[in-house]
Amino acid sequence: MKYLIVLFILVLIYLFYTVLPSLYFKFMYKLKRKENGSTIYLTFDDGPSNEYTEVLLDVLKKYDVKASFFCVANFAKENENIIKRMNKEGHLVGLHSLKHDNAYLMDIFKTNKDFKNSIEIMKSLGKDIVYYRPPWGDLNLASLFNIRKYNLKLVLWNVMAEDWEGDTTAFDIEVKLLRRIKGGDIICLHDGRGENEAPKRTIEALDKVIPILLGKGFKFETVDKYYEK
Ligand SMILES: [Zn+2]
């Protein structure tokens, strides 16, 4: 019985430390969705990748579309030239943790270190980070503390297209995006990681979807504009 009580208390602490904050913010983000006629916000997580990100930047350039990149700091360190190119081409660079660890599995100390190290890396690359998206959108109480400490804005999303899945096709992603996107949406896609060369299919789909959306009168902006409205 004593063990059961201890177990119950531990589960309760875990729930309050990470499960409830994660669920709360994901839910609140859905409520917060701003209906805004024609503006949409493309965001990319899990890069920069030396294999895919520049191909994506070429596609964005082709249509003169600006996007926001939530970079994994360790990947950014390995691809400084890509961060420079994002800057030069008017994209927003945000943070997506140090090495894509999950907040569900991180204690306070590890979380503090993750924020401190990743913010320092991004600073050394010339980026003062303002916008933060946690891996999988998961948070713990220490992440919330760090978001306040470093004065970051938490950015989640309204639309996904399961573009990281190994068995999805570029056409599946295209159909999902065209069906799901409405004005005011923050769209979460991936330019790194993923199964079975996933970012390749995301880029292929975007090359079709962007001109269709532009043709429908949508405008693409970086997420800082979302917070100005
Ligand atoms: Zn991610």
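**Close-up views of a predicted model**

**View A. Salt bridge between Lys123 and Asp128.** Lys123 and Asp128 form a salt bridge, their closest N and O atoms being 3.8 Å apart (a salt bridge is a side-chain nitrogen of Lys or Arg within 4 Å of a carboxyl oxygen of Asp or Glu). Lys123 and Asp128 are both exposed (exposed is over 50% relative accessible area, buried under 20%, partly exposed in between; 1.4 Å probe, protein chains only). The model is predicted, so local features need pLDDT of at least 70 and side-chain atom pairs count only at pLDDT 80 or more, while totals for chains, interfaces and linings use all residues. Residues are numbered from 1 along each chain as its sequence is written, and side-chain values use heavy atoms, with hydrogens and water left out.

**View B. The zinc site.** Asp46 (OD), His96 (NE2) and His100 (NE2) are the protein donors of the zinc ion, at 2.0 to 2.1 Å from it (donors are N, O and S atoms within 2.8 Å of the metal, or 3.2 Å for Na, K and Ca; water is not among the atoms, so sites may look incomplete). Along the chain the donors are spaced as D-x49-H-x3-H. Asp46 belongs to strand β1 (residues 39-47) and His96 to the loop between β3 (92-95) and α5 (108-124), so the pair ties together parts 50 residues apart in sequence (helices, H or I of at least four residues, and strands, E of at least two, are DSSP runs numbered from the N terminus). Asp46 and His96 are both buried.

**View C. Asp46 and Arg193.** A salt bridge joins Asp46 to Arg193, with 3.4 Å between the closest N and O atoms. This pair links distant parts of the chain, 147 residues apart: Asp46 is in strand β1, and Arg193 is in the loop between β7 and α8 (198-215). Asp46 counts as buried because its relative accessibility is 5%, whereas Arg193, at 40%, counts as partly exposed.

**View D. The largest pocket.** The largest pocket holds about 220 Å³ of space (a pocket is an open set of points on a 1 Å grid over the protein atoms alone, where a 1.4 Å probe fits, with protein on both sides within 12 Å along at least five of seven lines; lining residues have an atom within 4 Å of a point). The volume is the space filled by probe spheres set on the points, which are joined across faces, edges and corners. Of the 15 lining residues, Asp46, Trp136, Trp164, His190 and Arg193 lie nearest the centre of the pocket. Strands β1 and β7 (186-190) are the elements that each give two or more residues to the lining.
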